[in-house]
Amino acid sequence: MAKQPVYYDDVNVGDPVPTLEKRPTRRQLVKYAGASGDYYEIHYDHHFAVNAGLKDGVIVHGLLTAGWLAQMLTDWLPSPTALKKFGVSYRAMARPGDTIACQGKIMHKYVKDGEHLVDCEIYAENQRGEKCAVGTATAALPTRS
Amino acid sequence: MVEFDRSVLGVESSPISYEVEKGAIRKFAEAIGDEDPMYYDEQAAQALGFKSLVAPPTFLCTFRAQELPDLKIQFGRVRLNGGNEYEYFQPIYAGDTISVTAKYADVAERTGRTGSMVFIITELTYRNQRGEVVAIGRNTGIMRE
């Protein structure tokens, strides 16, 4: 995958992280259950989910939404090892059939212990305008000099 | 305030070790829908300077810790994942052996618009085969009425 390198010198506070869009299906939730080892039935069994108090049925694993936000960052960063910190809170349910837009923005830019860092706010929003996950990420970027 | 067994807080679980397999990294990336070749093709990963396939940032969630002692909380019927935070110190590659330990860091009850919720904070430490801490994690579990 040919990536446009992102340099610390060229980014500014307020710059967006390129958006990543996902359209989860129940099939994807089953795949993620298997790949992650999280077999909690609220993610693939409608009746179980309803009985567990989720009246609209199955929901996307929070960590799958987190995985998409991490993918948005690693698509943008020169290397996944540039990611230093990553954290999200889950605020609204994402469901199969939704369109989830992963977005981010640079909030701070600074040098610490010789590393050129950016702090980003990140969030995943569904087509109803609800933020399913919100969080922050810190990444180290290369410099031109 | 919800009743729980305070003596369990801070008690670290015994480590569990996992061999990081190429197939597990591929399946995890595929479940997220991330097609970056560094997660599938060892030569592509090596061309980027990695020694083998590199683990995506949220792959840490596949390293499940030993079950912690029971907090003995009687509350609600819904269990949700409230959030995940990770701090990264070293990359994780296929072929590494990762051990994970966990401990409960905090239990808190809060009242929001959907009623009372109990938040359980778990801290995780991930080490590689050289004993180096590769990442730390902080998970928020939510118990809801």
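## Helix α1 of chain B and its cover

In this predicted model, the buried residues of α1(B) are covered by elements that include α1 (26-36) and α3 (62-76) of chain A. The buried positions in α1(B) are I25(B), F28(B), A29(B), A31(B) and I32(B). They lie on the same side of α1(B), because the arc they cover around the axis is only 160°.

After α1(B) comes G33(B), a residue with a positive phi, near 90°.

## Chain B as a whole

Chain B contains 2 helices and 5 strands. Read from the N terminus, its elements follow the order β-α-α-β-β-β-β. The C-alpha trace of chain B spans about 55 × 30 × 20 Å along its principal axes.

Chain B has 145 residues, of which 31% count as buried. Among the contacts in chain B with a separation of 6 or more, 71% are between residues 24 or more positions apart.

## Where chain B touches chain A

On the side of chain B, 27 residues are in contact with 30 residues of chain A. Two elements of chain B, α1 (22-32) and β2 (78-88), each supply at least two residues of the side that touches chain A. The largest share of that side comes from β2(B), with 9 residues. By residue type, the side of chain B that touches chain A consists of 13 nonpolar, 7 polar and 7 charged residues.

Strand β2(B) also pairs with a strand of the other chain: 5 bridges join it to β2 (residues 83-90) of chain A, and the two strands run antiparallel. Within this pairing, G87(A) has E85(B) as its bridge partner, and V88(A) stands opposite N84(B).

## The sheet shared by both chains

Which strands make up the open sheet, and in what order? The sheet has 10 strands, in the order β1(A)-β3(A)-β4(A)-β5(A)-β2(A)-β2(B)-β5(B)-β4(B)-β3(B)-β1(B), and the pairing is antiparallel. Its edge strands are β1 (16-22) of chain A and β1 (16-19) of chain B, each of which pairs on one side only. On average, neighbouring strands of this sheet are turned by 20° against each other, with direction ignored.

Two pairings within the chains can be described in detail. In chain B, 10 bridges connect β2(B) with β5 (residues 133-144), and these strands run antiparallel; here E87(B) stands opposite I136(B).

## Confidence of the prediction

How confident is the predictor in chain B, and what is the mean pLDDT? The mean pLDDT of chain B is 94, and 100% of its residues reach 70 or more. For the model, the ipTM is 0.95 and the pTM is 0.95.

How values were computed: Residues numbered from 1 in each chain as written. Chains lettered and ligands numbered in written order. Predicted model: local features only at pLDDT ≥ 70, side-chain atom pairs only at ≥ 80, totals over all residues. Helix = DSSP H or I, 4+ residues; strand = E, 2+ residues; numbered from the N terminus. Buried ≥ 20, exposed ≤ 12 C-beta atoms within 10 Å, placed from the backbone. Contact = placed C-beta atoms within 7 Å. Nonpolar A, V, L, I, M, F, W, Y, C, P; charged D, E, K, R; others polar. Pairing = 2+ DSSP bridges. pLDDT = per-residue confidence, 0-100. Arc of directions from axis to C-beta. Axes fitted to C-alpha atoms, helices over the stretch in contact; angles between N-to-C directions.
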